[in-house]
Amino acid sequence: MQEEPPEAAAGAAAPAATPAPAAVVLSGYGPVGRAYVGHLAAHGEALARDHGVRLRLAAVRASTAEYLPPGDGTDTWAPPPPRAAWGPLPPLAETLDRTGAGVLVQCVPSSPEVRDRAAAETLLALRRGVHVVTATKSHLLSHWRALGLAAAEGGGLIRISGATGAALPAGDLARAGVRGLGCRTIRACPNGTATFVLDRLAAGDSLAGAVAEARRRGIAEADPGADLSGADAATKARLLAALLWGWDASAIRTETEGVVEDTAREARAAAASGHRLRAVASAAADEPLLVRVRLERTAPGDPLHALNGPEKAVVYGCPDAGDITVSGGRSSPLGAALAMVKDTLDVTAPRRPGFG
């Protein structure tokens with residue numbers, strides 16, 4: 001009998017196994033949190049079948065209240081009832097103990113007001129060996145080293161795709177995808193609002209008109225200040241550089257140039273010469289702990305020139321391997337929620353032997 005080639009054996013389908021359960025505590029139930037629950041309500045069974053893990057919503061925590069789903073295991077991802085029906089908010093340690101949670105998913109606002117609470121909850125979870133998936137940026141910037149030490153102490157993992165570009169898998173590339181390829185630089189347009197506004201300015205809109213249109217389409221926040229100032233792009237670039245080169249994100253300095261009223265003239269002049277003005281965040285291994293955001297004229301052939309509307313892109317400069325670009329990805333609450341679903345599966349799904 002002819003022996004089966006090894007590649008055929010490696011690719012053969014394994015018998016279906018019962019998906020392993022994994023309890024999730026969700027912290028924050030705004031637009032991103034609701035999108036996360038809604039996606040898993042619609043696709044949880046398919047994800048369990050395809051990835052070998054059955055995610056279960058064990059608790060939802062807000063600023064002052066907590067919801068615990070029924071414990072009978074039915075309707076695993078049913079949306080929580082109105083907030084008035086929730087119970088009081090206990091300490092996170094009590095919730096983790098009561099639910100046996102394996103993952104804390106954070107989607108609370110990236111604001112100074114909630115930074116210390118988000119950091120304390122992340123540190124607690126990681127020290128207990130609970131994995132953390134977060135779209136919240138503020139505590140990553142202020143507590144980067146402490147979070148890494150807590151993860152090492154407890155054996156938990158922390159994943160931050162939702163904080164580095166929503167559905168764009170830029171964080172995965174920085175953390176592992178370009179490892180060993182000698183990446184020396186990052187050039188990125190990680191803020192979709194800035195790209196959209198700059199293109200509208202080039203087309204003749206005023207800054208106020210461009211921002212209003214971005215809000216109307218659901219691209220811009222109610223307060224787009226961090227998007228237009230370059231602060232959000234700098235934050236994402238800081239996180240990517242920290243993942244890529246092992247920098248302490250809290251120690252990275254930033255220099256930013258924002259989109260202002262006078263930028264409209266520059267955007268139109270760039271368009272007249274066949275260029276596109278972009279808010280480009282950059283960092284280089286040879287300039288440690290520094291991220292810049294500058295308005296640059298990008299030429300045809302530049303991946304950042306090719307972006308349309310709110311699209312985002314990151315170019316990893318690898319001198320020997322060649323530039324590696326990731327672009328696209330939905331920039332919305334659903335995009336951030338999908339990034340967190342991906343990260344939740346990454347820390348819970350069993351690894352497949354061979355190519356898995």
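Modeller: Let us begin with a term we will need: two strands are said to pair if DSSP finds at least two bridges between them. Keep in mind, too, that this is a predicted model. With that in place, strand β8 (residues 185–189) and strand β12 (residues 312–317) pair in the antiparallel sense, over five bridges.

Biologist: Okay, and what stands opposite A188 in β12?

Modeller: The residue opposite A188 is V314.

Biologist: What order do the strands have in that open sheet of six?

Modeller: The order is β9-β11-β10-β8-β12-β13, and the pairing is mixed. At the edges stand β9 (253–256) and β13 (324–328), each with a single partner strand, so one side of each has no neighbour in the sheet. From one strand to the next, the twist averages 20 degrees.

Biologist: Which strands does helix α7 lie across?

Modeller: Helix α7 (residues 170–177) lies across β12 and β13, and it runs at about 15 degrees to β12. Helix α12 packs on the sheet as well, where it touches β10 (276–284) and β11 (290–298), and its direction makes about 100 degrees with that of β10.

Biologist: At what angle do α8 and α12 pack?

Modeller: Helix α8 (residues 192–202) and helix α12 (residues 263–272) pack at about 75 degrees, with their axes 7 Å apart. Angles of 65 to 115 degrees count as roughly perpendicular, and α8 and α12 are therefore described that way. On the α8 side the contact is made by L198, L201 and A202, while α12 contributes T263, A264, A267, R268 and A271. By class, that contact has six nonpolar residues, one polar and one charged.

Biologist: Switching topic, what about the open sheet of seven strands?

Modeller: That sheet has the order β4-β3-β2-β1-β5-β6-β7, with mixed pairing, and its edge strands, β4 (87–88) and β7 (158–159), each pair on one side only. Within the sheet, β1 (residues 20–27) and β5 (residues 103–106) pair in the parallel sense over four bridges, and L26 has V105 in β5 as its bridge partner. Helix α4 (residues 112–127) lies across β1, β2, β5, β6 and β7, running at about 165 degrees to β5.

Biologist: And T134, is that buried or exposed?

Modeller: T134, which is found in strand β6 (residues 131–134), has 1% relative accessibility, and because buried means under 20%, T134 counts as buried. Its side chain reaches the backbone nitrogen of T136 at 3.0 Å. Leaving aside residues up to four places away in sequence, T134 touches several others, including Q106, H139, R159 and M340.

How values were computed:
Residues are numbered from 1 along each chain as its sequence is written. This is a predicted model: local features need pLDDT of at least 70, side-chain atom pairs count only at pLDDT 80 or more; totals for chains, interfaces and linings use all residues. Side-chain values use heavy atoms; hydrogens and water are left out. Axes are lines fitted to C-alpha atoms, for helices over the stretch in contact, and angles run from 0 to 180 degrees between N-to-C directions. Helices (H or I, at least four residues) and strands (E, at least two) are DSSP runs, numbered from the N terminus. Angles under 35 degrees count as roughly parallel, over 145 as roughly antiparallel, 65 to 115 as roughly perpendicular and the rest as oblique. Contact means heavy atoms within 4.5 Å. Ala, Val, Leu, Ile, Met, Phe, Trp, Tyr, Cys and Pro count as nonpolar, Asp, Glu, Lys and Arg as charged, and the others, Gly among them, as polar. Buried means under 20% relative accessible area, exposed over 50%, partly exposed in between (1.4 Å probe, protein chains only). A polar contact is a pair of N or O atoms within 3.5 Å; within protein, one must be able to donate a hydrogen and the other to accept it, and residues adjacent in sequence count only if both atoms are side-chain atoms.
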